[in-house]
Amino acid sequence: GVEAGLLRRGDGGIVRDFFWGRLMFPIQDRQGRVIGFGGRALDGSEPKYINTPATTVFDKRSTLYGLHLALGQVRESGTVVVVEGYMDTIAAHQHGFTTVIASMGTALTEQQVSQLRSLANDFVLALDPDAAGQSATRRSLQTSWQALEHRPLGLREQPSLRIAALPQDKDPDTLIREDQGEWERLVRDAIPYMEFL
């Protein structure tokens, strides 16, 4: 349990449940195998979300939440929509938006983009509209665009990176549940990243 990141050994050798009092989200690899967990606090404590610590099978920086569910549709459509969190991804798939995956935090990493680059050519970032979300979007663009521009063998098209500008106070989860048509429109009309910057 300690090696898997489910238990934590504290001072004096006392072993405790790492995710005590949290709503659990299994995190799967692209084959659908459980490699870690996310946990959301239920009592308002901070941090709001925690993940399994790095293990031999779980590396947050190279993991994309929901990729095993989105894989086929992303390949078929050539488009992937990137959101921040578990609930955003779950709401999207529940309502039939099956090209949505989550970046396991705030900023897309080069490792995550490298995985997606072999599957899609059109990337839409639909991150939270608050200041932290906007900052995350900028960091994502700065750290991952170089990886995105790398063209795997057989892919000649220049990748398209666009930003879905969500309305204030509407994260993807909320918007999808309240107004699916508006979500579809915002993703369809997402603006090129240079225009966003």
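Residues are numbered from 1 along each chain as its sequence is written, and side-chain values use heavy atoms, with hydrogens and water left out. Because the model is predicted, local features need pLDDT of at least 70 and side-chain atom pairs count only at pLDDT 80 or more, while totals for chains, interfaces and linings use all residues.

**Overall make-up**

The protein chain holds 7 helices and 10 strands. Helices (H or I, at least four residues) and strands (E, at least two) are DSSP runs, numbered from the N terminus. Of the 197 residues of the chain, 44% count as buried; buried means under 20% relative accessible area, exposed over 50%, and partly exposed in between, with a 1.4 Å probe and protein chains only. Among contacts (heavy atoms within 4.5 Å) with a separation of 6 or more, 61% come from residues 24 or more positions apart.

**The five-stranded sheet**

An open sheet of 5 strands has the order β7-β6-β8-β9-β10, and its pairing is mixed. Two strands pair if DSSP finds at least two bridges between them. At the edges stand β7 (100–102) and β10 (191–192); each has a single partner strand, so one side of each is left without a neighbour in the sheet.

Strand β6 covers residues 79–83 and pairs with β7 in the parallel sense. V81 has V100 in β7 as its bridge partner. On β8, L125 stands opposite V82, and the bridge partner of L125 in β9 is I163. Both faces of β8 are covered: D122 and V124 on one side, and F123 and L125 on the other, are all buried.

| Strand pair | Sense | Bridges |
|---|---|---|
| β6 and β7 | parallel | 3 bridges |
| β6 and β8 | parallel | 4 bridges |
| β8 and β9 | parallel | 4 bridges |
| β3 and β4 | antiparallel | 7 bridges |
| β4 and β5 | antiparallel | 3 bridges |

Helix α2 (residues 86–94) lies across β6 and β7, and runs at about 165 degrees to β7. Helix α6 (residues 180–188) also packs on the sheet, where it touches β6, β7, β8 (122–125) and β9 (160–163); its direction makes about 115 degrees with that of β6. Axes are lines fitted to C-alpha atoms, for helices over the stretch in contact, and angles run from 0 to 180 degrees between N-to-C directions.

**The three-stranded sheet**

A further open sheet has 3 strands in the order β3-β4-β5, with antiparallel pairing. Here β3 and β5 (49–51) are at the edges with a single partner strand each, so one side of each lacks a neighbour in the sheet. Neighbouring strands are turned by 25 degrees against each other on average, direction ignored. Helix α2 packs on this sheet too, touching β3, β4 and β5, and its direction makes about 70 degrees with that of β3.

Strands β3 (residues 22–28) and β4 (residues 34–41) form a hairpin with 5 residues between them, and G32 in the turn has a positive phi of about 90 degrees. P26 stands opposite F37 in β4. Further along, the bridge partner of R40 in β5 is Y49.

**Loops**

P47 lies in the loop between β4 and β5, and the peptide bond from E46 to P47 is cis, with omega near -5 degrees. In the loop between β9 and α5 (172–178) lies D169. This residue has a positive phi of about 65 degrees although it is not a glycine. D169 counts as exposed because its relative accessibility is 71%.

**Aromatic pairs**

Rings of Phe, Tyr and Trp (its six-membered ring) pair if their centres lie within 6.5 Å; planes under 30 degrees apart count as stacked, over 60 as edge-to-face and the rest as tilted. By this rule the count comes to 6 aromatic pairs. One of them joins F18 and F19 edge-to-face, at 4.9 Å centre to centre and 75 degrees between the planes. Both F18 and F19 are buried. Ring pairs also link F25, Y49, Y65 and Y86 into a cluster.

**The second largest pocket**

On a 1 Å grid over the protein atoms alone, a pocket is an open set of points where a 1.4 Å probe fits, with protein on both sides within 12 Å along at least five of seven lines; lining residues have an atom within 4 Å of a point. Grid points are joined across faces, edges and corners, and a volume is the space filled by probe spheres set on the points. The second largest pocket has a volume of about 230 Å³. It is lined by 15 residues, of which V81, F97, T99, E184 and V187 are the closest to its centre. At least two lining residues come from each of β6, β8 and α6, and α6 gives the most, with 4 residues.
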